Amino acid sequence: MQKTLFSKYFYICSSIILISTTFLGVVLLVFSMQYFRDDQYNLLERNVDQSVILTNLNYSVNNYQYVDSNYLRPFYQLQGQAIGAEIFLVDLEGKTLLCSNVTSCNHTDYLLPTGVMEKVKSTGDYRETGKLGGIYQTSYYTVGRPVVGSNGQMAGAVFASSSSAALTAFLVDIFQMYVISAALVMLIAFIIIYFVTSNMVRPLQDMLAATQSFSKGDFSIRVPVEGDDEVAMLAAAFNSMASSLAVMESTRRSFTANVSHELKTPMTTIGGFIDGILDGTIPPEKQSYYLRIVSGEVQRLSRMVRSMLAIARIEAGELVITPTPVEITDIVTRTVFTFEQRIEEKGIEVRGLDAEKHLVEADADLIHQVVYNLIDNAVKFVDQGGCLEFGYRTEGSMTLVSVKNSGQGVASEEIPKLFDRFYKSDKSRSLDKNGVGLGLSIVKTIINLHNGEIFVRSEPGQYTEFVFSLPTSAQKKGLFRKYETPAAKKRADKGGSEDE
């Protein structure tokens, strides 16, 4: 059975709490037992010390000859009852002389072990948890103190013993209280862990459900973002990824539909005309006319395939740019000359070719493609007898180049779509019969590769202007020299010789 992240986290936290609680309980019982034992010993020692004082006093009153049991027994009994212990007096041989327990004293039937008496004599103190040499049937706490004679030597000893059975009862009470408290605490902790774990895992469960929907092609699901922790950041990143995937999927579907449409039209035209020539539907005298149409459609397909391959290379990262200092004004001028025939046919006025030189860091071949596509669009959509204008300016570390043409312009709602693949405005569809709508998309991609930007300004019925930026070359200063005519150079040389 597969364990979920929720169950793993819940079981781990619960196990840690259970183990910690058990360990704490063991430590508590050990310390409680030690505390109880020390407390019992201290209690016995205090009462033994008092009994020794009374015994020594009575022994001294009787000239260290004997102790008066009738005098001491009430005190022994009173102290023994007060602490729940048996207090008894023994001589040097370990024989019991006096006991607080008159009715059931078993000390008189036994002699204390010699080792016990020797330890009391040598150290002046005795502690034991046991059966006191077999006198008791169960474990007892026993404390002993010596009774001294007139010569300062030990004449006997006073012992106090209490059953250790009270320890068991004490530990049972402590354990019961601890178990009840620990069970209540663990129950509350388990409930809190359950809800905390559920809240932590819920975004991951939502992400899992969303990924399952993504695998089915549904990219509309989003994960709620709550808080500002790592999980919330992951959820936000996941939603961003989902939006990107949705855009990519929409782009892919649009791309597929557009490619299908763009291929279908020329292929249908080509197939129809070729079939008409083969089956004789098109007479021989018109075959050359229709073959030229077929040739144009083939060229259109070739341009589209080249453009698609270029985009594929760029997106795959196979297109590596090699920026070098490039004179952008020279590229624009030379490109304009390639459109000379079309410019003359439309009577277009060209402005800005005599601008100051501008040097940029760019890949010359790719930038030539950018300039060519922009000028091609500008010439294609300029009005008859209109104007084509180029502009250059430097802003910070970037050089801005503009290509502007007069004409019908572009509607504001169409401007954001101009760089989409296969997009054609209504005006473009009527004027551009051979384009496939990939040129501006390639332009934008190339400019982005150069860390530049491109944008469009347009006023419907007046003009359309494309502006792109490229990094200004650091070699701009000092690269160009002022051109001098031969006559000026001759005058300068003559003046120099006269000065000499």
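Guide: Happy to, and let's start with a term: a salt bridge is a side-chain nitrogen of Lys or Arg within 4 Å of a carboxyl oxygen of Asp or Glu. Keep in mind that this is a predicted model.

Visitor: What makes E45 and R145 a salt bridge?

Guide: The closest N and O atoms of E45 and R145 are 4.0 Å apart, and the cut-off is within 4 Å, so the pair gets the label. The two partners sit in distant parts of the chain, with E45 in helix α1 and R145 in strand β4 (residues 140–148), 100 residues apart.

Visitor: Why is E45 called buried?

Guide: Buried means under 20% relative accessible area. E45 has 13%, so it is buried.

Visitor: Which other residue forms a salt bridge with R145?

Guide: That's D49, with the closest N and O atoms 3.1 Å apart. R145 lies in strand β4 and D49 in helix α1, so this pair ties together parts that are 96 residues apart in sequence.

Visitor: Why does D49 count as partly exposed?

Guide: The relative accessibility of D49 is 33%.

Visitor: How many salt bridges does the structure hold?

Guide: Eleven. One of them is between the side chains of E349 and R351, at 3.3 Å from N to O. E349 has a relative accessible area of 43%, so it is partly exposed, and R351 is partly exposed as well, at 37%. Then there is a network: salt bridges that share partners join E45, D49, D125, R127 and R145.

Visitor: How do you know that the span of helix α1 agrees with its number of residues?

Guide: Helix α1 covers residues 5–61, which is 57 residues. At 1.5 Å a residue it should span 84 Å, and its end C-alpha atoms are 83 Å apart, so the two values agree. Just after α1, N63 takes a positive phi of about 55°.

Visitor: What makes L184 exposed?

Guide: Exposed means over 50%, and L184 has a relative accessible area of 51%, so L184 is exposed. Its place is in helix α4.

Visitor: Which residues form the nonpolar patch on the surface?

Guide: Y9, L184, I188, I192, V196 and M200 form it, with about 530 Å² of accessible area together. Helix α4 (residues 165–215) gives the most to this patch, with five residues.

Visitor: What does R73 touch, leaving out residues up to four places away in sequence?

Guide: R73 touches L98, C99 and V102. The C-alpha atoms of R73 and L98 are separated by 7.0 Å, though the two residues are 25 apart along the chain.

Visitor: How much of the protein chain is buried?

Guide: Buried residues make up 37% of the 500 residues. The secondary structure comes to twelve helices and twelve strands. The chain exposes about 29,600 Å², and carbon and sulfur atoms supply 57% of that.

Definitions and conventions:
Residues are numbered from 1 along each chain as its sequence is written. This is a predicted model: local features need pLDDT of at least 70, side-chain atom pairs count only at pLDDT 80 or more; totals for chains, interfaces and linings use all residues. Side-chain values use heavy atoms; hydrogens and water are left out. Patches are made of residues with over 30% relative accessible area and no salt bridge: like charges are joined within 9 Å, nonpolar side chains (Val, Leu, Ile, Met, Phe, Trp, Tyr) within 5 Å. Accessible areas come from the Shrake-Rupley method with a 1.4 Å probe; for residues, only the protein chains shown count as cover. Helices (H or I, at least four residues) and strands (E, at least two) are DSSP runs, numbered from the N terminus. Buried means under 20% relative accessible area, exposed over 50%, partly exposed in between (1.4 Å probe, protein chains only). Contact means heavy atoms within 4.5 Å. The expected span of a helix is 1.5 Å times one less than its number of residues.
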